[in-house]
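User: Please walk me through how to read this model, one feature at a time.

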Amino acid sequence: MYEKNGEKYFVVDGHVHFWDGSPQNYNKYGKMFIDCFYGYHSALSPEEYLWPEDKFQKYSEEDIMHDLFEIGYVDKAIFQPTYLLDFFPGGFNTTAQDAVIAEKYPDKFILNSSFEPRLGEAGLAEFERKHERYGFKGVKLYTAEWHEDSKGWKLNDYWSKRYLEKCQELGVKNIHVHKGPTIRPLNRDAFDVADVDHVATEFTDLNFIVEHVGLPRLEDFCWIAVQEPNVYGGLAVAMPFIYSRPRYFAQIIGELLYWLDEDRILFASDYAIWQPKWLVEMFVDFQIPEDMQGEYGTLTPDIKRKILGLNAARLYDIEVPSEIPQPAPVMAGTEPEYPETPV
Amino acid sequence: MPNQAMPTEAAVLDALSGVRDPELDEPITELKFITELRVAEDSVDIRLRLPTPYCAPNFAYLMAADAREAALSVPGIKRANVVLEDHHTSEEINSGLAAGRGFKETFRYFEETEEDLDELRTIFRRKAFVSRQEKLCRALLSGGYSSAELARMKLGNVPPSEALEKYLSRRAELGLDVSEEAPFLVNPDGERIPEDVVVEHLRFSRLTRLSIETNSGLCRRLLATRYGIEEKERA
């Protein structure tokens with residue numbers, strides 16, 4: 001929990017990892033992958049939060065507990081596994097790896113899992129066994145993941161839909177979708193979120209949380225989210241702009257509030273790429289710059305409370321302490337006009 | 001061979017400044033993607049770098065192939081060797097370019113790729129057009145024009161500016177009418193935007209512009225961090 005100026009905030013970090021990106025576990029593609037993550041970490045973190053590369057590749061249980069819960073104000077953190085078995089032979093951040101910690105601190109973590117549609121029928125049975133073992137309510141899907149000859153997949157592929165049907169059946173209702181640069185299909189835009197649109201329409205009782213709010217295709221994401229009430233935006237990757245590019249951050253948040261409304265935006269640090277401590281502190285202090293308020297309005301403590309924790313709490317049935325104000329969902333955005341005199 | 005026929009590095013650099021990152025809609029020269037440019041007689045060596053090893057390979061290929069083509073367009077240049085550094089598909093792209101293979105052939109070891117990149121390029125040319133138009137409209141609105149006036153304007157009525165030049169170039173790339181008599185506010189298919197939906201049109205266009213600008217800022221920062229170069233904050 002975080003408290004500032006008499007306002008209390010319940011914090012759900014919607015996207016955290018406990019990965020192994022160490023040299024013992026990577027091949028040449030894995031090395032480039034963790035280098036890439038480290039690039040994001042270095043490029044967008046305040047200096048005092050920068051880690052040396054070796055710590056970033058593999059950090060300890062102590063580190064994660066300290067950074068999230070001791071100093072990071074996080075009440076609940078959601079593990080979003082990323083398998084990447086073709087890059088990290090032992091797994092980058094699998095359900096089993098995360099479970100070691102999640103099961104040790106069951107009141108702190110929510111453990112999500114994942115599925116691999118290219119494993120077909122056999123994978124489906126394995127997925128069911130995994131669900132029996134861990135009892136998760138959400139999955140994180142990384143459509144850019146390599147698997148044998150395939151260099152990526154789409155949510156509306158035949159086998160993916162079969163797995164989504166299985167999710168429905170098992171009550172796995174939160175589908176986190178992470179778009180990344182795929183190799184296949186090469187002639188298409190890998191960040192294209194159109195496949196989310198297809199499955200969100202078809203699976204209306206599942207929630208689709210698009211990670212990093214579709215960036216760098218914010219316009220495509222918003223277009224879909226406007227039409228599909230079961231599409232949400234996760235703020236991983238967008239959050240750290242609050243420090244390095246606050247005016248862009250203001251516009252991103254402003255646009256999300258306009259197109260989606262305040263009930264469908266979820267805070268996330270993407271730990272250990274970034275740390276929740278500074279993100280939470282800066283977000284609570286943040287306001288839309290005055291010259292943009294005509295277009296975007298302002299962020300009230302209630303809006304911040306929803307984004308920081310209440311929205312995720314609703315999706316994951318997390319009990320929120322009674323001392324935290326719980327404003328009702330609005331489910332309808334205000335519609336400011338495009339200004340005649342823009343910023 | 002007469003001296004004046006020798007191509008210069010400046011001439012090649014000038015040609016490369018016409019190559020844009022399709023996603024960011026900015027010249028690869030300004031984005032600091034070129035690390036080396038060396039002309040020797042009729043051949044040129046060019047090295048390219050990108051913000052991360054996992055930047056989308058299709059765009060990486062497009063930029064490398066476009067750079068090669070731009071260099072070859074310089075009078076006197078007969079051979080252009082383009083090398084992409086530190087990318088997860090460097091091997092494929094570099095050997096593909098060196099052998100003069102097209103995109104499909106270059107990536108044939110990964111998986112069969114049925115189509116070429118024309119459609120992808122068009123998608124991003126449309127986005128660039130929308131973004132440049134929105135930027136120009138913003139400037140016009142803050143200069144006192146009303147949205148109704150924008151809907152009625154012809155290209156010939158738009159006061160000259162750099163933003164207009166960029167808009168016209170993106171518009172021409174889509175094969176749309178750029179004559180003075182053509183309506184100013186059109187969608188990427190060239191259809192006029194009716195007066196009553198101008199606000200809505202711009203509201204959505206703004207998202208495209210914001211996406212491109214945010215992405216561009218992120219990529220510049222990632223590149224600067226990756227290669228330890230100083231980054232100038234842009235307004």
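**Contacts and burial**

Analyst: Apart from neighbours within four places in sequence, Lys8(A) is in contact with Met1(A), Glu3(A), Glu323(A) and Ile324(A). Two residues are in contact if their C-beta atoms, placed from the backbone, lie within 7 Å. The model is a predicted one, in which local features need pLDDT of at least 70 and side-chain atom pairs count only at pLDDT 80 or more, while totals for chains, interfaces and linings use all residues. Residues are numbered from 1 along each chain as its sequence is written, and chains are lettered from A and ligands numbered from 1 in the order in which they are written.

User: How many helices and strands does chain A have, and what box do its C-alpha atoms fill?

Analyst: Chain A contains 13 helices and 10 strands. Its radius of gyration is 19 Å, close to the 20 Å that the globule rule gives for 343 residues, so chain A is as compact as a globular protein of that length. The radius is taken over C-alpha atoms, and the rule is 2.2 Å times the number of residues to the power 0.38. Along the principal axes, the C-alpha atoms of chain A fill a box of roughly 55 × 40 × 40 Å. Of its 343 residues, 52% count as buried. Among contacts between residues at least 6 apart in sequence, 76% join residues at least 24 apart.

User: Which residues of helix H11 of chain A are buried?

Analyst: An α-helix has 3.6 residues a turn, so residues three or four places apart point the same way. In helix H11 (residues 276-285) of chain A, the buried residues are Pro276(A), Trp278(A), Leu279(A), Val280(A), Phe283(A) and Val284(A). They pack against several elements of chain A, among them strand S1 (2-4), strand S3 (12-16) and helix H13 (301-315).

User: How do I read strand pairing, and what pairs with S4(A)?

Analyst: Two strands pair if DSSP finds at least two bridges between them. S4(A) pairs with S3(A) in the parallel sense over 3 bridges, with Val16(A) opposite Phe79(A). S4(A) also pairs in the parallel sense with strand S5 (residues 109-111) of chain A, over 3 bridges; there Ile78(A) stands opposite Ile110(A). Both faces of S4(A) (residues 76-79) are covered: Lys76(A) and Ile78(A) on one side and Ala77(A) and Phe79(A) on the other are all buried.

User: What is the order of the open sheet of 5 strands in chain A?

Analyst: The order is S6-S7-S8-S9-S10, with parallel pairing. Strand S6 (138-142) and strand S10 (265-266) of chain A are the edge strands, each pairing on one side only. S6(A) and strand S7 (residues 174-178) of chain A pair over 5 bridges, and Tyr142(A) has His178(A) as its bridge partner.

User: What is the sheet of 3 strands in chain B like?

Analyst: That open sheet has the order S3-S4-S5 and mixed pairing. Strand S3 (34-40) and strand S5 (79-84) of chain B stand at the edges with a single partner strand each, so one side of each is left without a neighbour in the sheet. S3(B) and strand S4 (residues 43-48) of chain B pair in the antiparallel sense over 6 bridges. Opposite pairs there include Glu36(B) with Arg47(B) and Ile34(B) with Leu48(B). The two strands form a hairpin with 2 residues between them, and Glu41(B) in the turn has a positive phi of about 55°.

User: Which domains is chain B divided into?

Analyst: Domain bounds come from an automatic or database domain assignment. Chain B is divided into domain 1 (3-116) and domain 2 (119-225). Taken over C-alpha atoms, their centres are 28 Å apart. Across the boundary, 12 residues of domain 1 are in contact with 13 residues of domain 2.

How values were computed: Helix = DSSP H or I, 4+ residues; strand = E, 2+ residues; numbered from the N terminus. Buried ≥ 20, exposed ≤ 12 C-beta atoms within 10 Å, placed from the backbone.
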